[in-house]
Amino acid sequence: MSTKHLTVGSVEPPRTEGLLRFYSMKFCPFAQRAALVLKAKNVPHDVVYINLFKKPEWYSKINEKTLVPAILDGDKIVVESLDIADYLDEKYPENPLYPADPAAKQQVKDIINKAGGPQGVFIKIVLGKEEHSAEEWATLLLEALQPLEEELSQRGTPFFGGDKPGMADYMIWPFAERAGCIGIKLQQKLPLKDSDIPLLRKWRKDMMNEPVCKELYISGERFWKITKAKVAGEEPAYDEI
């Protein structure tokens, strides 16, 4: 296990036999998806943080793409956040995050796919070079969020998973959690009213109070410091923020 992000010239910490290893970067929303699932399902694991600006040489021998997240379960390596989530829910059936019914499970996957719209707008605002006014970005984001607002309305439950968070909630949350960095990037808040997406507003507040989300919380301010360095081509101060 590492508490700091390991970099060039480092040595991988010794592994514990039988213990799943999770390779992550503390501020990555995709890695946080995997972290949320591991915590929500109480899967025993240790964590090794990777400096993505100066990746340790040994990591390419484990994961040839050298990206995060990745998990090593015995001799099996699994990469990509959604694949990791599916693997964990199947391999460790306690505290299931997907419904057992195949049709209902597919509906959850469809919700996760719908979330790709607002996530794409978020990434364009924070990492992209497109220039729009705050009003124009708000219109684009609101349009992308409507399918999720409608989904909550149709379900009539506080979470996409029902009365408690499920897989869709945890896959969407890392981007909703970091929404505050949009205002920092644009130097003004988006002109969105609570009445525009009332169910998603309430969902975000409810998710913020979930113990797993509290434990892994990354503020928009902290995320922006990492992102700003990345956009500038500078090494982020992973362990100082």
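Where does Q187 lie? Q187 sits in the loop between helix 8 (180–186) and helix 9. The model is predicted.

Four strands form an open sheet in the order 2-1-3-4, with mixed pairing. Strand 2 and strand 4 (76–79) are the edge strands, each with a single partner, so one side of each has no neighbour in the sheet. Neighbouring strands are turned by 20 degrees against each other on average, direction ignored.

Strand 1 (residues 20–24) runs parallel to strand 2 (residues 45–49), and five bridges join the two. Y23 faces V48 of strand 2 across this pairing. S24 stands opposite Y49, also in strand 2. Strand 1 pairs with strand 3 (residues 70–73) in the antiparallel sense, over three bridges. There, F22 is opposite I71.

How many residues of strand 1 are buried? Five of the five are, so the strand is largely enclosed by the rest of the structure. In a regular strand, side chains alternate between the two faces of the sheet. Here L20, F22 and S24 point one way, while R21 and Y23 point the other way. All of them are buried.

## Helices on the sheet

Strand 1, helix 1 (residues 29–40) and strand 2 build a right-handed β-α-β unit. Helix 1 packs on the sheet and touches strand 1 and strand 2. The direction of helix 1 makes about 150 degrees with that of strand 1.

Helix 3 (residues 81–91) lies across strand 1, strand 3 and strand 4. Helix 3 runs at about 130 degrees to strand 4.

## The annotated C-terminal region

An unreviewed UniProt entry annotates residues 98–229 as "domain: GST C-terminal". Over residues 98–229 the chain is 69% helix and 0% strand. The end C-alpha atoms of this stretch are 36 Å apart.

Helix 7 (residues 167–177) and helix 9 (residues 198–208) have axes that come within 11 Å and cross at roughly 95 degrees. From helix 7, D169, Y170, I172, W173, A176 and E177 take part in the contact. They meet W203, R204, M207 and M208 of helix 9.

Leaving out residues up to four places away in sequence, Y170 touches R33, L36, A40, L97, P165, M207, V212 and C213. The C-alpha atoms of Y170 and V37 are separated by 7.1 Å, although the two residues are 133 residues apart along the chain.

## Backbone exceptions

Most residues other than glycine have a negative phi, and most peptide bonds are trans.

V68 and P69 are joined by a cis peptide bond, with omega about 5 degrees. P69 belongs to the loop between helix 2 (59–62) and strand 3. N42 has a positive phi, near 55 degrees, and is not a glycine. N42 is in the loop between helix 1 and strand 2 and counts as exposed, at 59% relative accessibility. Q187 is not a glycine either, yet its phi is positive at about 65 degrees. Q187, in the loop between helix 8 and helix 9, is exposed, with a relative accessible area of 74%.

Notes. Residues are numbered from 1 along each chain as its sequence is written. This is a predicted model: local features need pLDDT of at least 70, side-chain atom pairs count only at pLDDT 80 or more; totals for chains, interfaces and linings use all residues. Side-chain values use heavy atoms; hydrogens and water are left out. UniProt positions are given in the numbering used here, feature names are shortened, and annotations may be inferred rather than shown by experiment. Buried means under 20% relative accessible area, exposed over 50%, partly exposed in between (1.4 Å probe, protein chains only). Two strands pair if DSSP finds at least two bridges between them. A crossover is right-handed if, with the strands pointing away from the viewer, the path from the first strand over the helix to the second runs clockwise. Axes are lines fitted to C-alpha atoms, for helices over the stretch in contact, and angles run from 0 to 180 degrees between N-to-C directions. Contact means heavy atoms within 4.5 Å.
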